[in-house]
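Below is a short report on one protein model with a ligand. It begins with the ligand site and then turns to the fold and the backbone.

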Amino acid sequence: MCGIVGILGTHQVAPVILEALKRLEYRGYDSAGIATVNAGHLDRRRALGKLVNLSDLLVHEPLAGMAGIGHTRWATHGAPTVANAHPHRAGRVAVVHNGIIENFRALRSELAAAGLAHESDTDTETIAVLTRHYMDQGMTPTEAANATLERLEGAFALAFLFEGEDDLMIGARQGSPLAVGHGDGEMYLGSDALALAPLTDRITYLDEGDRVVLTRAGASITDAQGRRANRPLTRVRLDQATVDKAGHRHFMAKEIAEQPAVLGATMAFHCTPDKSALALPERLDFTACDRLILVACGTGYYAAQVAKYWFEGVAGLPCETDIASEYRYRQPVLGARNMAVFISQSGETADTLAALRHVRGHVACSVGVINVPTSSIARESDVALPILAGPEISVASTKAFTAQLMVLLLMALKAAQDRGKLSAQQVSDHLQLLQTLPGLMRAALDREPDIAELAQGLAGVNHALFLGRGPMLPLASEAALKLKELSYIHAEGYASGELKHGPIALIDETMPVIVLAPRDSLFAKTVSNMQEVLARQGRVVLFSDRAGLAEAGAVPQSLAMPEVPEMLAPFVYAVPAQLLAYHAALARGTDVDQPRNLAKSVTVE
Ligand code: F6R
């Protein structure tokens, strides 16, 4: 979602801000802009579409200045247009914003009554107009920004820049992340450390409610109560903050290929050095836990649905899964012996964070399963379990999904051990099995040429169904989500046994039906459902192992997968699901790493 960069520099900043915005592109955006102060003069450039348009504009209309703010906008209030692009300017102030100002309509009416007009349809412009209003009344820029912040309701990360102030920038964080970067005689603001990575490895993460006044001499931070606050300065490991495609055509291809290594590393981190036992935090204690609640959005939610089979099947622990955007609106019943787990790659997803805050104080323990260790969910959970997938840049989640599954499976094994369902030796046996996973993932990746060929056949269709049973059902949903978001083909994941209760009416000779069915305990039942589709001339594509393909009989198309132990199938079958969507997107010529309308980190509700 929207990305923010601010620089108080010692050189011309517009080209540096543009480069930093490129590193935020992965968050998703539809317009971009930069404002600078040059010898006291505030000016800005904004462009619709990709950053190349802003770059072209800057070639023809350069922007001088050693202080500036930049923004990539993902439209919420107001269509993607130049007029709605940030920075928004009113009089002597320019503002960039990530989030939503919920009371902007009331503020806008109040300002209109005072004779102050708006030029855009955005909530953000109201912040600039209100600040201008306070400055017109004689307040200093800092006083005016503070007075404005007092009036705002909703979520925001903000950066303010002022005409006549070459050495001043103000930042604020409430609900959306913002980091301060420390350079040599320079200071920075950024939505995340990735944006600032080549500029500095010295980062201070702002806390909820913090405000910061930056000059080139340093940062002065105050907390939500207006008290001076000392936030730690952390060194960000540059190898974790700098990212390239490592020779791959797209970040997505690179991230899919990384999965064997990622899963090995994630497992190693949460186990003893010899990998014979778990090494999860002591606070993660399931002994007295009577119910587990798994909450997430999108791909994380499908990881939760897979894990439900493990927590119930292996640990005998009652487990429910919820979509975060629904969770707190259905008055969930919480108990003092419940454990609630929030799964999020970014750790900033607004709905998941709100759900975490909703359960606080009502459950025994809240757990964040996160990829970004400095994220809000990581910091606000009682226990933060990193999935250690490394930066995931492609908007479509791939390696984070399987790394989430890994952490959730390790948690399920711990739950089983804590609850006396598995002995230490049995856990050790499971961990030994898990060590075969990287090899199995590599074998699945080797199937890429066949998967690419199957994807060619999908490229011309408008609809597709994915069928699965047991843990393969959430996999079917995840496969459909990947296909939808990457290739814009309408796809649904369905429980194979549920098809005949309605969706089977969709089946004709044009409907591709991809069946995910390893030769497991549920195989025969899934094959029966597949036969029902075949009987109606559906275009079945069966993903199964050699034994499964032999047993299933004739199908129009199939993919031979490696033989996998039942517990590991959700990991291994994620690979063809991801690659099928990737190659369908290539065949249809869509934007693989940044599909239309999508944002990587969804920081608004
Ligand atoms: C799909 C995808 C999204 C995210 C969802 C949650 O490929 O990436 O569905 O999984 O937006 O994001 P996080 O995990 O950051 O909370």
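## Ligand surroundings

Ser344, Gln345, Ser346, Thr349 and Glu485 come nearest to the ligand among the 14 residues around it, where a residue counts as near if one of its heavy atoms lies within 4 Å. The shell is made up of 8 polar, 4 nonpolar and 2 charged residues; Ala, Val, Leu, Ile, Met, Phe, Trp, Tyr, Cys and Pro count as nonpolar, Asp, Glu, Lys and Arg as charged, and the others, Gly among them, as polar.

This is a predicted model, in which local features need pLDDT of at least 70 and side-chain atom pairs count only at pLDDT 80 or more, while totals for chains, interfaces and linings use all residues. Residues are numbered from 1 along each chain as its sequence is written, and side-chain values use heavy atoms, with hydrogens and water left out.

## Polar contacts and burial

Polar contacts are pairs of N or O atoms within 3.5 Å. An N or O atom in the side chain of Thr349 is 2.4 Å from an oxygen atom of the ligand. The protein buries 89% of the 410 Å² that the ligand exposes when taken alone (Shrake-Rupley method, 1.4 Å probe).

Helix 10 (298-313) and helix 18 (472-487) are the elements that give two or more residues to the shell around the ligand.

## Overall fold

The protein has 21 helices and 24 strands, taken as DSSP runs (H or I, at least four residues, for helices; E, at least two, for strands) and numbered from the N terminus. Its radius of gyration is 25 Å, close to the 25 Å that the globule rule gives for 605 residues, so the protein is as compact as a globular protein of that length. The radius is taken over C-alpha atoms, and the rule is 2.2 Å times the number of residues to the power 0.38. Along the principal axes, the C-alpha trace spans about 80 × 55 × 45 Å.

## Backbone details

The His86 to Pro87 peptide bond is cis, with omega near 0°. Pro87 lies in the loop between strand 4 (67-73) and strand 5 (88-90).

Leu388 is not a glycine, yet its phi is positive, about 55°. Leu388 belongs to the loop between strand 19 (383-386) and helix 14 (399-418).

Key: A polar contact is a pair of N or O atoms within 3.5 Å; within protein, one must be able to donate a hydrogen and the other to accept it, and residues adjacent in sequence count only if both atoms are side-chain atoms.
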